[in-house]
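Here is a short walk through the model, one selection at a time.

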Amino acid sequence: MTERDRLGLRGLLPPSVVSSQQQIDRFMGDLKRLEQNARDGPSDTYQLAKWRILNRLHDRNETMYYKVLIDNIEEYAPIVYTPTVGAVCQNYSGLFRRPRGMYFSAEDRGEMMSMVYNWPADQVDMIVVTDGSRILGLGDLGVQGIGIAIGKLDLYVAAAGINPQRVLPVMIDVGTNNEKLLKDPLYLGLQEHRLEGEEYVEIIDEFMEAVFSRWPNVIVQFEDFQSKWAFRLLQRYRKTYRMFNDDVQGTAGVAIAGLLGAVRAQGRPMIDFPKQKIVVAGAGSAGIGVVNAASRTMARMLGNNEVAFESARSQFWIVDAHGLITEERVDIDPDARPFARRKSELTHQGLNEGASLIEVVKKVKPDVILGLSAVGGLFSKEVLEALKDSSSSRPAIFAMSNPTKNAECTPEEAFSIIGEKVVFSSGSPFDDVDLGDGKIGHSNQGNNMYLFPGIGLGTLLSGARIVSDGMLQAAAERLASYMKEEEVLQGIIYPPTSRIRDITKEVAAAVVREAVAEDLAEGYRDMDARE
């Protein structure tokens with residue numbers, strides 16, 4: 001009652017004083033009723049209805065929203081983030097009720113420096129920015145991609161404890177090439193084709209200059225930019241700004257942690273990683289990002305010299321939509337070029353330019369097949385059958401494409417065709433598989449949420465000037481070593497989402513230690529780096 005008096009609320013509320021927990025119980029009761037009434041199981045519309053209810057709570061009571069999310073992270077992370085956020089972005093113009101975040105468009109050229117002052121927060125710690133050009137595996141969703149930036153920042157709050165008043169989702173709208181959206185009268189963005197070339201770069205340059213002028217200590221996470229821009233912008237900004245690209249670097253870190261976990265699951269030490277033969281399906285920003293980072297990890301274990309890098313390079317076979325990438329490929333993507341198979345190797349392997357995924361798996365007999373193709377079902381029965389002849393006693397499958405319908409295969413397919421020994425991981429959540437006789441086939445979710453909140457928190461607390469390869473490597477290695485030996489030997493290579501705050505704390509600590517070791521740390525607020 002004293003609080004009601006202080007806030008001038010006496011007489012404006014019913015007499016009963018309801019505690020925070022009672023309010024949460026009432027809200028959860030509403031949400032659970034929805035589950036009981038959805039007889040058909042988790043359909044898209046049912047998941048979207050849950051998102052709507054959570055979103056309305058976010059609008060009216062942010063504190064309670066984050067309390068619900070933190071206490072039920074395992075249940076609601078798939079709603080506010082993958083896979084449901086994909087459906088949210090596809091339908092965002094119709095779901096839109098009130099703005100969240102900031103929108104910078106091609107029409108704001110020359111105005112961004114003054115625009116950033118329209119945001120009410122004097123301090124911003126984290127920005128997640130997208131241009132909507134490649135949302136998950138769903139393609140160009142234009143301005144509707146803001147949903148992914150909002151979802152990622154919800155996880156920064158829930159997993160890393162970042163103050164929700166100090167996060168900012170951003171959409172840079174440079175148009176869309178999605179014809180459906182260009183004709184949709186409800187579409188909220190610019191109804192014109194995407195800007196390209198230098199015009200595009202100038203807009204991103206202006207945005208970066210504006211946000212770092214107002215908030216010099218902010219960290220900017222780039223999210224779901226199409227491959228050609230993801231790499232180019234990362235190289236352009238990473239040496240001068242505190243930024244990283246989650247698709248290139250976060251996905252790579254989570255994949256490396258899983259690959260190191262797969263080595264441990266074979267009962268071998270992580271130092272044996274450079275001996276793993278890895279076939280990669282997909283040569284986009286995620287695929288090449290993973291191969292670059294994994295080869296660097298191998299090379300570091302082998303002594304970090306030229307011979308080590310050459311040896312690491314030879315452990316990868318990259319297959320894209322046109323088949324195996326070799327040096328004979330015309331117009332080869334410069335980012336994939338270092339990993340194109342040499343002519344001399346091909347003769348010895350019995351493979352050639354453009355060889356199919358099945359041929360490559362049959363001939364290479366890999367320890368791991370890694371899917372970052374965004375092609376659902378790419379790991380067909382024939383591909384999985386071919387993996388049975390792997391030279392490893394315990395082959396690993398990483399079907400990492402999001403959302404769920406884009407996964408290269410399901411855990412049921414993997415375990416039923418290859419057997420209980422396989423180690424399975426995916427990007428979106430799947431249930432474990434009952435193998436009978438009390439045995440369980442573990443479905444690991446190699447989700448970026450295990451790393452990006454810790455990378456952001458560690459960079460923030462260390463005050464590191466940039467996000468270095470070493471800091472990202474430290475994050476991946478800490479995630480890889482997080483699981484206990486007995487868990488890994490059962491095929492569990494990633495922890496449950498319920499431990500996300502503890503994982504984030506450990507990853508952030510590893511990032512801080514590495515930033516200090518590399519002499520990049522400048523401290524946080526009034527604390528110096530060592531402190």
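Which residues in helix 4 meet which residues in helix 9? Before you look, keep in mind that this is a predicted model.

**Stop 1: helix 4 and helix 9**

Select residues 62–71 for helix 4 and residues 146–160 for helix 9. On the helix 4 side you will find Y65, Y66, L69 and I70, and they meet D154, V157 and A158 in helix 9. By class, the residues of this contact are six nonpolar, no polar and one charged.

**Stop 2: Q144**

Next, pick Q144, in the loop between strand 2 (126–130) and helix 9. Is Q144 buried or exposed? Its relative accessibility is 2%, so Q144 counts as buried. Show its surroundings too: leaving aside residues up to four places away in sequence, Q144 touches C89, Q90, N91, Y92, S93, L181 and Y187.

**Stop 3: helix 13 and helix 21**

Move on to residues 246–265, helix 13, together with residues 469–482, helix 21. Their axes are 8 Å apart at an angle of about 40°, and the crossing is right-handed. From helix 13, display Q249, G253, I256, A257, L260 and R264; these meet L472, A476, E477, L479, A480 and S481 in helix 21. The contact of helix 13 with helix 21 has seven nonpolar, three polar and two charged residues.

**Stop 4: helix 14**

Select residues 285–301 to bring up helix 14. From first C-alpha to last, helix 14 reaches 24 Å, close to the 24 Å expected at 1.5 Å a residue. Of its 17 residues, 13 are buried, so helix 14 is largely enclosed by the rest of the structure. After helix 14 comes G303, with a positive phi near 115°.

**Stop 5: helix 23**

Finish with helix 23, residues 500–517. Just after helix 23, look for D519, where phi is positive, about 60°.

Key: Residues numbered from 1 in each chain as written. Predicted model: local features only at pLDDT ≥ 70, side-chain atom pairs only at ≥ 80, totals over all residues. Heavy atoms only, no water. Axes fitted to C-alpha atoms, helices over the stretch in contact; angles between N-to-C directions. Helix = DSSP H or I, 4+ residues; strand = E, 2+ residues; numbered from the N terminus. Contact = heavy atoms within 4.5 Å. Nonpolar A, V, L, I, M, F, W, Y, C, P; charged D, E, K, R; others polar. Expected span 1.5 Å × (residues − 1). Buried < 20%, exposed > 50% of the residue type's maximum accessible area, 1.4 Å probe, protein only. Left-handed = near helix turned anticlockwise from the far one by under 90°.
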